[in-house]
Amino acid sequence: MADIFILYMRHTIRLYIALMFLGLPILAAAQETLKVLSDSLNATLEQKQYFVSLKKEQIKKIKQALNDPHLSIRQEYETNAALYEKYQKFNTDSASRYISRNIEIAVALGLDYEEYDSSLKLSKLYSMCGRYKEAEEILKRLQGINLPADLEATYYNTYYRFWEYYAISTGNSPYSRQQCRVYRDSMLATLPPASLTAKMEQGFLMMETDPHKAEKALLNLLATQTTGTPEYAMVTCAIAYAYKKMDNKREEKKYFMLSAIADLKNATRETVSLQELAMIAYRENNLDQAFRFSQSAIEDAAASGIHFRALQMHPFYSIINSAYKTEQTKVQGKLTSYLTVVCLLAAALAILVGLIYKQMKKTLRIKEKLAQSNEKLKDLSLSLSKINEELNGRNRQLQEVSTIKERYIAQFFDLCSNYVDKMSKYQNEIYKLAINRHYDTLIKRTKSTAVIDKELNSLYEHFDSIFLSLYPTFVTDFNSLLKEDEQIILKPGTLMNKELRIYALLRLGINDSAKIASFLRCSISTIYNCRTKLRNKANCPRHEFEDKVQQIGNSEG
């Protein structure tokens, strides 16, 4: 028997160790999931006002329809209904105002269904904001009316919520809880079994007797919901309560966080999940997080006007607030102690710095003298650098002038040779006409300026070609000095016109207007007027224009 017992114990221990090692990765993964969710929740809470502003913007867009002068009363009803959907948990006062207006519209149009539906919505809003008398008056007024099947389910649901919120506000009296159960049963009997509300309530009922069954049913329901929607937030919250019943703290926390994140992103403001997480954080002694969660929940309750949530949260918030302040006081005490130590260390450091400072003063004097010497050397170096740059600039200019001279001399000899050949050919033609006594032709040829004009055009083309080979960007650079609408546009097939040639000659250093006029075969006044006109078109000060032209093509410019 002893041997069997020993073998049994060994087997048990081995099995326990195996399960422990198998469970460690699963546990680590679960903890990592909680950490990711916790970080996501904190980040979402930081952006809370952003999500609130998004919802306000959505509401603002819906409200714009009410400003339409052609809006029909039926369209106003639909717009008010849409605003109620946005406002119902966001701001109960605004939701009440729009749904009250819809009751007036329904009565005016004789729409019984719409009147009853809007009245039930108003009753539920009154219950949420603590106006239980007005809420019950509406419900009693509708009690004797033969409501349609879907509104009958809504009626029981509204009465059920009335007693639920009333019970929370009055300390959960047995009568209130009993009435809750009565109207919940009536609601479930009339609701379509496939509806979200019916499945949710069935899940809560199952929690009372079999939380595991409730967990399975609610997880199946969650699979049909879109992540991040208000409905997703409600289902995940219900699942968290199922795990709470099962005492599965990790899964409870996980699903409350999923629910709270969805609520915050939808700016729901009826954040029961955040309240539960505040309590969990308090139990875990995480006072900072408990305070942040409860503070946010209280702010939401105040902003939305949901009375029973504020009452539900207030006692716990007081406890957290008190504990948080106590903790803060302890922290302040520790900080004071640390500050005292830091001050003493700072005083000792100041004395040490004083001693070091005296030693450093001597070193600084030597460094200052060295620095002054260095500055003088730097100044001298800069002066030499500037002189070198100026010399380099002069050398470049001389090299440029030399290059220009060399090119022009070569072109000059070529042109002269061409003109000698042309003059010789022209002389022979005249001689032949004279010998053959073609006097009329001779007179016409000598009287005509066509030859001279042709040669002038050829001369200008040569000049343009040579000049632009030296300064390829001259035309573009010249236009950049003119106003945009005054720039020179050349005719197709031409390199330059008269205005550009005047300034090309100026760029080559020919400033004498008489010489320019002689070369271009025009009057001095024409040259003067052209220069004046172009200075007036400049996009820079007039007196700087020709100086800037002189810089075109400069390697330094």
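The following exercises, each with a worked solution, concern a predicted model.

**Exercise 1.** Determine whether Thr236 is buried or exposed, and state which backbone oxygens its side chain reaches.

*Solution.*
1. Thr236 is located in helix α11, which covers residues 230-245.
2. The relative accessibility of Thr236 is 0%. Buried means under 20% relative accessible area; therefore Thr236 counts as buried.
3. A polar atom of the Thr236 side chain lies 2.8 Å from the backbone oxygen of Tyr232.
4. The side chain of Thr236 also reaches the backbone oxygen of Ala233, at 3.0 Å.
5. The limit for a polar contact is 3.5 Å, and the two distances to be compared with it are 2.8 Å for Tyr232 and 3.0 Å for Ala233.

**Exercise 2.** Determine whether Lys369 is buried or exposed, and identify which residues form a positive surface patch with Lys369.

*Solution.*
1. Lys369 belongs to helix α15, which comprises residues 307-435.
2. The relative accessibility of Lys369 is 60%. Exposed means over 50%, so Lys369 counts as exposed.
3. Lys369 forms a positive surface patch together with Lys361, Lys362 and Arg365.

**Exercise 3.** Classify Ala504 as buried or exposed, and state what distance separates the C-alpha atoms of Ala504 and Tyr471.

*Solution.*
1. Ala504 is placed in helix α19, formed by residues 498-507.
2. Ala504 has a relative accessibility of 0%. The cut-off for buried is under 20%; Ala504 therefore counts as buried.
3. Along the chain, Ala504 and Tyr471 are 33 residues apart. In the model, their C-alpha atoms are separated by 9.4 Å.

Key
Residues are numbered from 1 along each chain as its sequence is written. This is a predicted model: local features need pLDDT of at least 70, side-chain atom pairs count only at pLDDT 80 or more; totals for chains, interfaces and linings use all residues. Side-chain values use heavy atoms; hydrogens and water are left out. Patches are made of residues with over 30% relative accessible area and no salt bridge: like charges are joined within 9 Å, nonpolar side chains (Val, Leu, Ile, Met, Phe, Trp, Tyr) within 5 Å. Accessible areas come from the Shrake-Rupley method with a 1.4 Å probe; for residues, only the protein chains shown count as cover. A salt bridge is a side-chain nitrogen of Lys or Arg within 4 Å of a carboxyl oxygen of Asp or Glu. Lys and Arg count as positive and Asp and Glu as negative; His and the chain ends are not counted. The place of a charge is taken as NZ of Lys, CZ of Arg, CG of Asp or CD of Glu. Helices (H or I, at least four residues) and strands (E, at least two) are DSSP runs, numbered from the N terminus. Buried means under 20% relative accessible area, exposed over 50%, partly exposed in between (1.4 Å probe, protein chains only). A polar contact is a pair of N or O atoms within 3.5 Å; within protein, one must be able to donate a hydrogen and the other to accept it, and residues adjacent in sequence count only if both atoms are side-chain atoms.
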